Amino acid sequence: MIRSHAEFIQANGSSWENGPDSHPPRRRIRGIRHRNPPSVQSKPVVLITGASSGIGRACAEYLHSRGYCVYGTSRKAQEDVAAPGGFRMIEMDVTEEESVQRGVQLVLTREGVLDVVLNNAGDGVAGAVEDTSIEEARQQFETNFFGALRVCRAVLPAMRRRGSGLIVNVSSLGGLVALPFQGLYSASKFALEGMTEALRMEVRPHGVRVALLEPGDFHTGFTSAGRAARDAPRGVYRQRFLNALAAMERDESGGADPQLVARTLERIIVARAPRLRYKVGAWTQRFAAGWLRKVLPQRLFERLMMASYGVG
Ligand SMILES: NC(=O)c1ccc[n+]([C@@H]2O[C@H](COP(=O)([O-])OP(=O)(O)OC[C@H]3O[C@@H](n4cnc5c(N)ncnc54)[C@H](OP(=O)(O)O)[C@@H]3O)[C@@H](O)[C@H]2O)c1
């Protein structure tokens, strides 16, 4: 009996050079291990939330082109249709428990297994902390934090039973360094970072690996899909909020190609022991959120951040 993708490929002599529908090469999927026999599905099965645009879509198209069996989600998808990029699209709203359970069950019923989950669905509310209502803050957490938590809880029983699986949660460099006038967005990603760090230790003995992807600025639909807190354009913070908003739009429209995130995701998938954190994006941003943040006195770091957002 074939017990793993690696053994399947060894047994079938499948080669990566066979084109998009060929199986990923053995060395490339060494990270995916199975203690129990997998299903009839011979390609690693990947679920990507928020695959209708931006980073999620780039990851779904890229992994599909690399031979993975990819299911993407969107709140607007028809039930189980092929997306233009070739992967399957299913309907899922990560803020709805029932919707998450239904989507995950659909993939498990169809494929028998779920090897990789990318918790990517997310949005952003911009505005001063004081101008953001509790309801707006809750909505932010519903998608970015509780949404990822719901999906983790839905997929973990099957992954644990099988003794294998990988969960990658999409955070942000703004989940390491708080961004002015994106305080609630940063807070939701800080929360995601904390949960992911704990989850990683809890599930490791069960064969499930967990990692964080921390993008800097990427050219996606994020800013246009983003919301401003209702009271943000009014009141005492108005001008500095507008400056910050202009900086966000400038940084995102000049941001990197989301393909970069897709390639990093594949590196995580094939890693035998993925790290906790993978920063991805312009080196200046990775440097600022990593090294600079650690070595600079806090006040000096804040001054630099405020200057770069035009809110000094
Ligand atoms: N772009 C950046 O510069 C950047 C930087 C750091 C981190 N990130 C993170 O990367 C992730 C993807 O962002 P993006 O830039 O690719 O943004 P995007 O182009 O706006 O895509 C967001 C995706 O999330 C989905 N989504 C939003 N709310 C959802 C919900 N409640 N349930 C299910 N799906 C939902 C959207 O799908 P539907 O609307 O079709 O449902 C869409 O496919 C987010 O977690 C974001 O925080 C982005």
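Guide: Helix α3 spans residues 97–111; helices (H or I, at least four residues) and strands (E, at least two) are DSSP runs, numbered from the N terminus. Its 15 residues reach 21 Å from first C-alpha to last, close to the 21 Å expected at 1.5 Å a residue, where the expected span is 1.5 Å times one less than the number of residues. This is a predicted model, in which local features need pLDDT of at least 70 and side-chain atom pairs count only at pLDDT 80 or more, while totals for chains, interfaces and linings use all residues. Residues are numbered from 1 along each chain as its sequence is written.

V100, G103, V104, V107 and E111 are the buried residues of α3. Because they cover an arc of only 90° around the axis, they lie on the same side of α3; the arc is that of the directions from the helix axis to the C-beta atoms. On the other side, E98, Q105 and T109 are exposed. Buried denotes 20 or more other C-beta atoms within 10 Å of a residue's own, exposed 12 or fewer, and partly exposed the range in between, with C-beta atoms placed from the backbone.

The buried residues of α3 pack against β1 (45–48), β2 (69–74), β4 (88–91) and α4 (134–162), contact meaning C-beta atoms, placed from the backbone, within 7 Å. After α3 comes G112, with a positive phi near 85°.

α4 also contributes to the ligand shell: α2 (54–65), α4 and α6 (222–225) each supply at least two of its residues.

How values were computed
Contact = placed C-beta atoms within 7 Å.
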